[in-house]
Amino acid sequence: MTVTPNISISGGNLVVHGKTILTGVPDNIILTPGSGVGLLAGAFIGATADHSKSLHVFRVGVLQDLRFMCCFRFKLWWMTQRMGTCGKDIPLETQFILVESKDTAEGEHGDASTVYTVFLPLLEGQFRAVLQGNERDELEIFLESGDNAVETSQGLCLVYMHAGTNPFEVIYQSVKAVEKHTQTFCHLEEKKLPSFVDWFGWCTWDAFYTNVTAEGVEEGLKSLSSGGTPPRFLIIDDGWQQIGSEVKDTNCVVQEGAQFANRLTGIKENEKFQKEGKKNDQVPGLKIVVDEAKQRHNVKNVYIWHALAGYWGGVKPAAAGMEHYGTALAYPIQSPGVLGNQPDIVMDSLAVHGLGLVHPNKVFNFYNELHSYLALCGVDGVKVDVQNIIETLGAGHGGRVILTRAYVQALEASIARNFPDNGCIACMCHNTDGIYSAKQTAVIRASDDFYPRDPASHTIHISSVAFNSLFLGEFMQPDWDMFHSLHPAAEYHAAARAVGGCPIYVSDKPGNHNFELLKKLVLPDGSVLRAQLPGRPTCDCIFVDPARDGISLLKIWNVNKCTGVVGVFNCQGAGWCKVAKKTRVHDESPGTLTGSVQATDVDVLAQVAGPDWSGETIVYAHRSGELIRLPKSASLPVTLKVLEYELFHFCPLKEIASNIFFAPVGLLDMFNTGGAVEQFEVHSHADKNSQHFEGEVSSKPSTPLRENPALIANIALKVRGCGKFGAYSSQRPLKCAVGGAQTDFEFEPAVGLLTLTIPVPEQEMHRWDIEIQV
């Protein structure tokens, strides 16, 4: 249960539920209690200044000796996590802080409940607030408009605070409260999730970079399908558009084929997407590519890449056929907070060459014409990249918030008109200007890229997505990015995505696949067993640093319809360095670490289990294959080397008759084992004292399943997928049937493991009826 704390400023201290969070609060800091449904547990922090300016730094108070976790932008595009205990540990560009405090009064013991306080810096009018610390351990509000002509001397609701005893509930409630207050964005639960998230996908980026062609798309789809893991959604990434540049600078930055000074010269596909280089004036080449993907390879959703500004360098001013967009060259000006963290090569290029910015009054027309053409070609959605560039271009347009909101609203309006499945993936967009302006976008790339050739990137990728999802997962479904199935860290990445509740897609080069690995993620029909929620760190992991402290494992929890799952990862050894201002390896040989897991790591497992659950679980460890009956409050040890993982599936144990227990586990060979179990019902029979049949079961039923005289209970499951299915039973079942047909099964009485084989279904997304008699 979440408490309703008293948040107040008393004697110069910011006090939450009787616990001092900040000391030395200046007189110009204003605290306004939240009012109305959903706001009662919170308060807004405001501040006043003597003079109007376009940029303010307000000191809020001293933070010391309290553990916190925050999400901050380490570069313009992306956030990562940082943990600390005092104000100076809070980085520039912090957009989310969760502070832990013990609710103890003088003389109390340390077993009192822990209170979690969220700080959310907000948008107010034309201004954006973020948080940062200084060397005096003071928490500061950094407030700016991004336009020197847009000034203010105060902000009344710059930061929202919310507190309670469950961190996940507190974060949820805080975002819901801000949603109600601002009415400028929607929570994820109110958005339509596009259908592609439940299907396996392939992205062209790492396979071809900007050299992608129509033939390459065909080759990639054919290659993955040939191994039994057919992609059902496709992202055609950067490299399909008509671009050009008047820049003749031989020193212009190029990374993975993308020349950042290039600008869009037309909304249609380039000549590489005219099949075999031949133009067909009647049928666009892109339409041929999309139609063939859908007809030959049964691809269900084709998404295509574009930047929020059109291309990296925007739209070419006065390009033929694009004059009506009112494009003009603009030169980015980055926020001091961003400049104080990691420099970016994209911005280095654009600062010199400029960006062709479509006028905000014309940007809906631009998106609508682009998207309507793509929809005509059969495209189902867009991956909209490089979004945060817009925040740097607010001068002359009313500031960063106004310009970003104009672009986001125009984008969402065009997507609603042209892509009825809400087909959009937001990328390079970790700024609150956009997050607090998105009412519709439901999928967000949750961290910096998967970099196949950067050894420093793999562990921090997993931990960054998990911690960022604490914040981002309230607004949109986090997307963990593509990965490679044939890679030294492939299994590590695959396991993380299985527990992430995210879309699952790879960017393998044609012919470079690990199908054995992919089949742990992808069913033969191309669907995936996606967990129900955004994967987030367990409560006991939130304030430790699994990337840098050398002692902590990262645990990520999620739930399926009938089970919970905890993925454990050794992520030590690399992270973003504030001195080097880049992600780097800081420990060449991180040690083997030991931790533990328990059922309560899955925060909402009791809700999944139902009101009569005793707290006892069956735990299936994916890598080791062990099945363990775990008493309530007991834990299991886990020991992992760096880049190792284990997936623990927690299956609530149900007493189906007197002293007879059962728990469905799922498809044992899949990473998200329990994701296969979609329904679990028990039908008890009156004869509770009947004899238990322990002999062998004939493969041919001589009587209907429900007529066996020894029957105590009939267990009905609905299971999606195929392969080796497992469940726990405290006694040997009498009979098992799949799809109405009796089937052989194996039973290991020493551990209670029941296994049977589910055939490959003929229909997509088929749910098998499984009947087990005990």
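In this predicted model, the largest cavity is lined by 15 residues, and those that lie nearest its centre are Q387, V408, C429, G434 and I435. The space within this largest cavity amounts to about 130 Å³, and the cavities of 30 Å³ or more number 4 in the count. Two elements, α8 and α9 (432–435), each give two or more residues to the lining of the largest cavity, with the largest share, 3 residues, coming from α8.

The axes of helix α7 (residues 363–376) and helix α8 (residues 400–418) come within 9 Å of each other and cross at roughly 30°. Because angles under 35 degrees count as roughly parallel, α7 and α8 are therefore described as roughly parallel to each other, and the crossing of the two helices is right-handed. On the side of α7, the contact is made by V363, F364, Y367, N368, H371, S372 and A375, whereas α8 contributes A406, Y407, A410, L411, A413, S414, I415, R417 and N418. Taken together, the residues of the contact of α7 with α8 comprise 10 nonpolar, 5 polar and 1 charged.

How values were computed
Residues numbered from 1 in each chain as written. Predicted model: local features only at pLDDT ≥ 70, side-chain atom pairs only at ≥ 80, totals over all residues. Heavy atoms only, no water. Axes fitted to C-alpha atoms, helices over the stretch in contact; angles between N-to-C directions. Helix = DSSP H or I, 4+ residues; strand = E, 2+ residues; numbered from the N terminus. Parallel < 35°, antiparallel > 145°, perpendicular 65-115°, else oblique. Left-handed = near helix turned anticlockwise from the far one by under 90°. Contact = heavy atoms within 4.5 Å. Nonpolar A, V, L, I, M, F, W, Y, C, P; charged D, E, K, R; others polar. 1 Å grid on protein atoms, 1.4 Å probe; cavity = no way out; pocket = protein on both sides within 12 Å on 5 of 7 lines; lining within 4 Å. Points joined across faces, edges and corners; volume = space filled by probe spheres on them.
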